[in-house]
Amino acid sequence: MRIRYGIPVFAVVVALALSGCVDNSTPAGPASSGAPAAAKKDAAAAALLPSKIATAGKLIVGIDPTYPPNEKKDANGLPIGWEVELMDAVAGKLGVKAEYAVSKFDTIIPSITGGKYDLGLSSFTDNAEREKVVDFVNYYTAGILWASPAGKTVKPDDACGLKVAVQATTFQDTDEIPAKSKACTDAGKPAIQALKFDTQDQATNAVALGQADALSADSPVTLYAVAQLKGKLQVAGKSFEVAPYGLAVNKGNALQKALQKALQSTVDDGTYKKILDKWGVADGGIDKITINAAANG
């Protein structure tokens, strides 16, 4: 998935720092997670599972592990990250195993509606547009947070004429930057140039190398990138447009109730907080697991 042609050696070093020094090529078929063992089974949650999944003993989870620390690959090419550990805990509560089908972000929801995957786990922002296609079991909240090269002041609300790196097909690419750019041109100012990349590592590289003026990503992702690159990037402004993350499930599928119950069980027994604390992302934690928060919030 990562393109290295024509990129200076320093860019490769940056990418390796962010990805944990792994090859991000896509493995064929589902993969087991490199995360710790799953949590203890919750009988009430497991009883809500659709019989087909319960009989199979596994959940096929579509994932794009290119968005650290939420999801990335370990040294063996297996998905890891706080979302993966949480999903493994949820699977344990349901008495099944999570198997991860590594995919490009924009193919996950079509693969759910097409019946290829049971659900999608990839930092999906739950919004009204996506809820027309799938249902979301909400488990976290995250804002948008920008970063710029160290020493360079960038204001997200005054970025006309700047180059902003984003991961393609994310909310930042499809909604945030186009809206900001339109506001610029409507005011007679230069448009914002969105630099789109297949992976978040590539978007971060562009800023670290001075090829972009800033990056826009979800708050835990931006904070992780700034920490990993140790002085090469700085946070630009504050988080804004806080929204829920959700597990994507086919509309009306009974699986959503099972996932909601299992996730709530991880919250209630402390597993959820332990995972978020481990990865330094507890600020976005929630106490009550909901469904379709964008429509019902």
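**View 1. Leu259 and its contacts.** Setting aside neighbours within four places in sequence, Leu259 is in contact with Leu59, Met87, Val90, Leu94, Leu119, Val137, Leu247 and Val249; contact here means heavy atoms within 4.5 Å. This is a predicted model, where local features need pLDDT of at least 70, side-chain atom pairs count only at pLDDT 80 or more, and totals for chains, interfaces and linings use all residues. Residues are numbered from 1 along each chain as its sequence is written, and side-chain values use heavy atoms, with hydrogens and water left out.

**View 2. The nonpolar cores.** Leu259 also turns up among the residues with the most contacts inside the largest nonpolar core, along with Leu59, Trp82, Met87, Leu94 and Tyr139; the core has 57 residues. Helix H4 (residues 82-94) gives the most to this core, namely eight residues. Apart from it lies another core, of 14 residues, including Trp146, Leu162, Phe171 and Ile177. A nonpolar core is a set of buried Ala, Val, Leu, Ile, Met, Phe, Trp, Tyr and Cys residues joined through side-chain atoms within 4.5 Å. Buried means under 20% relative accessible area, exposed over 50%, and partly exposed in between (1.4 Å probe, protein chains only). Helices (H or I, at least four residues) and strands (E, at least two) are DSSP runs, numbered from the N terminus.

View 3. Glu83 lies in helix H4, and it is buried yet has no salt bridge (a side-chain nitrogen of Lys or Arg within 4 Å of a carboxyl oxygen of Asp or Glu). The nearest side chain of opposite charge, Arg130, is 11 Å away; Lys and Arg count as positive, Asp and Glu as negative, with His and the chain ends not counted. What Glu83 does touch, leaving out residues up to four places away in sequence, is Asn70, Glu71, Leu121, Ser122, Ser123, Tyr139 and Tyr245.

**View 4. Strand E11 and its partners.** Strand E7 (residues 134-149) pairs with E11 in the antiparallel sense over 13 bridges, and Thr141 stands opposite Pro244 in E11. Strand E6 (residues 119-120) also runs antiparallel to E11 (residues 233-250), joined by two bridges, with Gly120 opposite Ala248. Two strands pair if DSSP finds at least two bridges between them.

**View 5. Asp106 in helix H5.** Asp106 is found in helix H5 (residues 105-113) and counts as partly exposed because its relative accessibility is 43%.
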